[in-house]
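These are notes for a colleague who is opening this structure for the first time. They are set out as numbered points and can be read beside the model.

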Amino acid sequence: MAKYVRVIDTRKCMGCRSCVAACAVENHFTPGAPWSAMMEYEVGTYPQVKKIYTPMGCMHCEHPACKAACDHIGRKAISTNAFGAVIIDYDKCNGCGYCASVCPYGVPQINRSLKPLRPGKGPVGSEALPADVRHPTHRKQANTAEKCTLCSHKLEKAVADGKADRIGKDQAYTPTCDLVCPVQARVFGDLDDPNSEVSKRIKEGSAVQLKKEFNTSPQVYYILDEGASS
């Protein structure tokens, strides 16, 4: 199996939040429990200052702290799938919030109530599908933890279609947030393929993993803008 990772180049990111909006529609994250966010801060000393934009989502760690906490209390609601994506089982989650409290990246969000993405304007994206035909990660429940899934529903489709080799290359088989960036600041693909875009960017751009001191082995890499820190 390939090793799927994401590379985000903060030197290119302009903070437009297209990735955040695309994720909201594709995955119908509930307002108040976002799966994707844009962090921004200033660096430098006046008058030489600039703003750094850093898209944040689940790091899909190889050693996820959220899973360790969930296993410790016996819920075992968090697992890692064949694509390396860390997935929450809504039927097993009790909304205790331990996963959110131990995550070094502040990723898991507790969805306290089911709300439409666009109140008063009708359903959109996966929200418009009947509950019984939605992907399990889109069958929202109140008082459960949620987060990015690497759009596993699209990766599973690639395998079902016999096109796993097109993951990260074709629109139908690539996480939606990585498709919509207007400046190509983010890419997704197979790190084990030396010719993949992610492999090339990691090799050429001095990509790093954030908060490595927590030993979670995140599978999202960042190429940091000057002045940014990991």
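1. The largest nonpolar core holds 25 residues, and F29, I78, I88 and A145 are those with the most contacts inside it. A nonpolar core here is a set of buried Ala, Val, Leu, Ile, Met, Phe, Trp, Tyr and Cys residues joined through side-chain atoms within 4.5 Å. Two or more residues of this core come from each of α1 (18-27), α2 (65-72) and β5. The largest share, 4 residues, is that of α1. In soluble globular proteins, nonpolar side chains tend to be buried together. Helices (H or I, at least four residues) and strands (E, at least two) are DSSP runs, numbered from the N terminus. Buried means under 20% relative accessible area, exposed means over 50%, and partly exposed is in between (1.4 Å probe, protein chains only).

2. The model is predicted: local features need pLDDT of at least 70, side-chain atom pairs count only at pLDDT 80 or more, and totals for chains, interfaces and linings use all residues. Residues are numbered from 1 along each chain as its sequence is written, and side-chain values use heavy atoms, with hydrogens and water left out.

3. How many aromatic pairs does a search of the whole structure find? The search finds 2. Y4 and F83 form a tilted pair, 6.3 Å centre to centre with 50° between the planes. This pair links distant parts of the chain, with Y4 in strand β1 (residues 4-9) and F83 in the loop between β4 (78-80) and β5 (86-88), 79 residues apart. Y4 and F83 are both buried. Rings of Phe, Tyr and Trp (its six-membered ring) pair if their centres lie within 6.5 Å; planes under 30 degrees apart count as stacked, over 60 as edge-to-face and the rest as tilted.

4. Why is the pair of Y4 and F188 stacked? The ring centres of Y4 and F188 are 5.8 Å apart and the planes are at 10°, so the pair counts as stacked. Here too distant parts of the chain are linked: Y4 is in strand β1 and F188 in strand β8, 184 residues apart. Y4 and F188 are both buried. Through ring pairs, Y4, F83 and F188 are linked into a cluster.

5. The largest pocket has a volume of about 410 Å³. Its lining has 22 residues, of which M39, T54, M56, Y105 and L210 are the closest to the centre. β2 (37-45) and β3 (48-56) each supply at least two lining residues, and β2 gives the most, with 3 residues. The lining divides into 14 nonpolar, 7 polar and 1 charged. Ala, Val, Leu, Ile, Met, Phe, Trp, Tyr, Cys and Pro count as nonpolar, Asp, Glu, Lys and Arg as charged, and the others, Gly among them, as polar.

6. The structure also holds 5 cavities of 30 Å³ or more. The largest cavity has a volume of about 180 Å³. Of the 21 residues that line this cavity, R6, G57, C148, C177 and R186 are the closest to its centre. β1, α1, β3, α5 (176-180) and β9 (220-223) give two or more residues to the lining, which divides into 14 nonpolar, 5 polar and 2 charged. On a 1 Å grid over the protein atoms alone, a cavity is a set of points where a 1.4 Å probe fits but cannot get out, and a pocket is an open set with protein on both sides within 12 Å along at least five of seven lines; lining residues have an atom within 4 Å of a point. Grid points are joined across faces, edges and corners, and a volume is the space filled by probe spheres set on the points.

7. Some backbone details deserve a check. The peptide bond from Y46 to P47 is cis, with omega near 10°, and P47 lies in the loop between β2 and β3. R17 is not a glycine but has a positive phi of about 70°; R17 sits in the loop between β1 and α1. Q184, also not a glycine, has a positive phi of about 55° and is found in the loop between α5 and β8. With 54% relative accessibility, Q184 counts as exposed.
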